Amino acid sequence: MRFGWPLLLLCASCSRGPAIAPNSIVSNNPCIDAILAEIAAPGQIAAVSTYSHDADNGSAPLDWARNLPALGTSAEEIIAAKPRLVLTGNLASSGTNAALEKAGVHTIALGVPANVAESITQIRRIALAIDRVDSGESLVMKIEKSMPAKLPKLQTAIIWQNGGFVAGKGTLQDSLLHSAGYANASDSYGLKSWDILPIETLIRNPPDVIFMPLSARGEQARALLARQRLLRHLKGNVLIVNFPDKLLFCGGPTIIKVMDALR
């Protein structure tokens with residue numbers, strides 16, 4: 001889930017360096033970019049998402065992404081790039097994918113995975129599309145290896161991002177919490193798949209562990225400081241673990257980083 005993405009779209013017409021090579025493979029989705037960074041051959045990808053050029057929002061390695069031109073989500077921009085293959089997110093609501101299909105642009109659209117199995121399916125689909133099946137399987141093995149063989153003693157936990165949003169049922173993050181041996185406390189607060197948890201509610205009924213960012217910028221930084229002051233009342237009773245918001249954005253190789261944090 002990416003609450004910072006709409007702001008980055010304002011820069012869709014900004015200068016992005018070198019032109020995109022025609023008849024090439026491009027991506028305009030940051031989660032796909034993260035997978036491509038792991039499995040694509042050098043020089044195989046001609047463009048990545050604008051989000052992947054942003055240090056706070058990108059999930060792919062920043063140096064790798066910034067060596068490539070950035071591509072936005074508008075159909076006009078994608079068609080103008082004349083790609084051989086576009087790897088993209090589910091842009092049906094904006095009409096982009098329909099416009100690409102009408103223009104005859106070969107497109108593979110992928111949604112947001114709800115669990116590890118769906119993320120692995122996406123990796124294999126991307127790997128097959130770019131003829132990098134073996135590299136895809138190597139990434140799958142790394143993800144499977146990151147899953148604990150034996151679950152620890154069950155504790156309650158939440159993943160609580162800037163803005164107060166909590167990952168609940170039906171999200172990949174909920175799936176990963178359970179894989180790491182936690183009971184997602186989102187259920188006890190009656191929250192939806194992504195919902196806001198007021199700090200007053202949390203303080204009245206805290207979980208054992210809170211995974212949350214310990215730094216932020218701008219208005220978010222001031223809100224985070226206020227939250228941290230209130231959380232001092234829970235000191236000694238709740239474990240607070242650094243969990244940057246960018247770990248919430250994608251599946252793929254990000255799953256490995258998430259499991260490291262949850263452990």
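Contact here means heavy atoms within 4.5 Å. The model on screen is predicted.

**Stop 1: Lys169**

Select Lys169, in the loop that runs between strand E7 (165–167) and helix H8 (172–179). Show its surroundings, leaving aside neighbours within four places in sequence: Lys169 is in contact with Asp174, Asp187, Lys192 and Ser193. Take Ser193 from that list. Lys169 and Ser193 are 24 residues apart in sequence, yet their C-alpha atoms are 4.8 Å apart in space. Is Lys169 buried or exposed? Its relative accessible area is 56%, and exposed means over 50%, so Lys169 counts as exposed.

**Stop 2: helices H8 and H11**

The crossing of H8 past H11 is right-handed.

Which residues meet where H8 and H11 touch? On the H8 side, select Leu172, Leu176, Leu177 and Ser179; on the H11 side, select Ile255, Val258, Met259 and Leu262. By type, the residues of this contact are seven nonpolar, one polar and no charged.

**Stop 3**

Now centre on Phe243. What does Phe243 touch, not counting residues up to four places away in sequence? The list is Ile159, Phe211, Met212, Pro213, Leu248, Val258, Ala261 and Leu262. Val258 and Leu262 in this list also belong to the H11 side of the contact with H8.

**Stop 4: two residues with positive phi**

Go to Asn23, in the loop between helix H1 (5–9) and strand E1 (25–27). Asn23 is not a glycine, but its phi is positive, at about 55°. Its relative accessibility is 57%, so Asn23 counts as exposed.

Finish at Asp131, found in the loop between helix H6 (116–129) and helix H7 (133–146). Where does its phi lie? The value is near 60°, which is positive in a residue other than glycine. Asp131 is exposed, and its relative accessible area is 66%.

Terms used:
Residues are numbered from 1 along each chain as its sequence is written. This is a predicted model: local features need pLDDT of at least 70, side-chain atom pairs count only at pLDDT 80 or more; totals for chains, interfaces and linings use all residues. Side-chain values use heavy atoms; hydrogens and water are left out. Helices (H or I, at least four residues) and strands (E, at least two) are DSSP runs, numbered from the N terminus. Buried means under 20% relative accessible area, exposed over 50%, partly exposed in between (1.4 Å probe, protein chains only). A crossing is left-handed if the near helix is turned anticlockwise from the far one by less than a right angle, and right-handed if clockwise. Ala, Val, Leu, Ile, Met, Phe, Trp, Tyr, Cys and Pro count as nonpolar, Asp, Glu, Lys and Arg as charged, and the others, Gly among them, as polar.
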